[in-house]
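Thanks for coming. I will take you through one structure, a few places at a time, so please keep the view open while I talk.

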Amino acid sequence: MNESLRPRPTERPTERQERPRNAAATRLRLLEAAADLFAERGYERTTVRAIAERSGANQALLFRYFGSKEGLLTEVVARGSLEQLRATPPEELFETALRSMLTRSAPGADRSLEVYLRSVGRGDEASGTLRELGGEYQKVLAGLAPSGDGALRADLAMAWLLGIGLMRTVAASEPLAGADPDTVCRLVLDTLAPFWTTSEAGGPGEDDR
């Protein structure tokens with residue numbers, strides 16, 4: 001039979017052509033699955049197998065792309081809250097973080113603070129990464145305070161933020177768990193506004209100098 005007339009097998013893209021697109025999609029699925037599971041169960045109770053199953057990827061790919069479960073957590077945090085920190089004006093950070101926590105089921109919502117809530121303080125390998133996340137938030141929020149106690153005010157604001165998240169997402173306490181996000185934001189932000197502008201208790205205010 002003439003070779004020129006022999007049916008040719010259907011051409012397929014080479015492995016090299018397929019890999020970049022597939023790798024990027026697989027990495028994204030792993031990141032999204034890990035973010036959801038870390039937020040739902042905490043870092044310690046989330047297994048590599050569960051992440052792989054939810055993402056539809058092989059466990060070996062998780063280790064290939066991220067090195068370890070801790071490496072995956074680092075990227076989840078960087079992709080979520082650290083990205084948000086860099087992109088958000090300091091004066092809008094608290095509201096942005098609060099809305100993200102209140103609307104966690106919305107597509108693309110950042111769940112890093114939920115991961116923080118369920119994972120930090122347990123003494124596991126994730127603590128360092130999560131404390132770094134908390135420190136970055138504190139640093140930005142402390143810069144909003146006019147007095148010398150900015151770090152304390154920032155910690156108090158973070159405690160309120162995380163307390164709201166704990167009551168709404170972990171304890172599922174009503175009526176907060178089912179409250180409208182806009183209503184919660186309005187009540188919290190109206191109360192918090194003077195927190196960044198009033199001078200330290202017992203110290204002179206602007207009108208006293």
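At what angle do helix H4 and helix H6 pack, and how far apart are their axes? Before I answer, note that this is a predicted model, so everything I say about it is computed.

Now the answer. Helix H4 covers residues 69-87 and helix H6 covers residues 112-119. The angle between them is about 135°, and their axes are 9 Å apart. An angle over 145 degrees would count as roughly antiparallel, and 65 to 115 as roughly perpendicular; H4 is therefore oblique to H6.

Which residues meet there? On the H4 side they are Leu73, Val76, Val77, Gly80 and Ser81. On the H6 side they are Ser112, Leu113 and Val115. By type, the contact of H4 with H6 has five nonpolar residues, three polar ones and no charged ones.

Next, the charged side chains. How many salt bridges does a search of the whole structure find? The search finds seven, and I will show three of them.

Start with Arg27 and Glu75. Their closest N and O atoms are 2.8 Å apart. Arg27 sits in helix H1 and Glu75 in helix H4, 48 residues apart, so this pair links distant parts of the chain. Are these two residues buried, exposed or partly exposed? Arg27 has a relative accessible area of 24%, which makes it partly exposed. Glu75, at 29%, is also counted as partly exposed.

Now move to helix H5, residues 90-102. Glu95 and Arg99 both lie in this helix, four residues apart, which is about one turn. Their side chains form a salt bridge, with 3.1 Å from N to O. Glu95 is partly exposed at 31% relative accessible area, and Arg99 is partly exposed at 30%.

What else does Arg99 form a salt bridge with? The partner is Asp182, and the closest N and O atoms of this pair are 2.8 Å apart. Asp182 belongs to helix H9, residues 181-192, so the bridge from Arg99 in H5 ties together parts that are 83 residues apart in sequence. Asp182 is partly exposed, with 46% relative accessibility.

A brief stop at helix H2, residues 48-55. Val48, Ala50, Ile51, Ala52 and Ser55 are buried in this helix. Just after H2 comes Gly56, with a positive phi of about 75°.

Last, confidence. The mean pLDDT of the chain is 80, and 78% of its residues reach 70 or more.

Two stretches need a caution. Over residues 7-18 the pLDDT stays under 50, and the model gives this stretch two contacts beyond four places in sequence. Residues 202-209 are also below 50, with three contacts in the model beyond near neighbours in sequence. Where pLDDT is low, predicted coordinates should not be read in detail.

That is the end of my tour.

Definitions and conventions:
Residues are numbered from 1 along each chain as its sequence is written. Side-chain values use heavy atoms; hydrogens and water are left out. Buried means under 20% relative accessible area, exposed over 50%, partly exposed in between (1.4 Å probe, protein chains only). Helices (H or I, at least four residues) and strands (E, at least two) are DSSP runs, numbered from the N terminus. pLDDT is the predictor's confidence in each residue, from 0 to 100. Contact means heavy atoms within 4.5 Å. Axes are lines fitted to C-alpha atoms, for helices over the stretch in contact, and angles run from 0 to 180 degrees between N-to-C directions. Angles under 35 degrees count as roughly parallel, over 145 as roughly antiparallel, 65 to 115 as roughly perpendicular and the rest as oblique. Ala, Val, Leu, Ile, Met, Phe, Trp, Tyr, Cys and Pro count as nonpolar, Asp, Glu, Lys and Arg as charged, and the others, Gly among them, as polar. A salt bridge is a side-chain nitrogen of Lys or Arg within 4 Å of a carboxyl oxygen of Asp or Glu.
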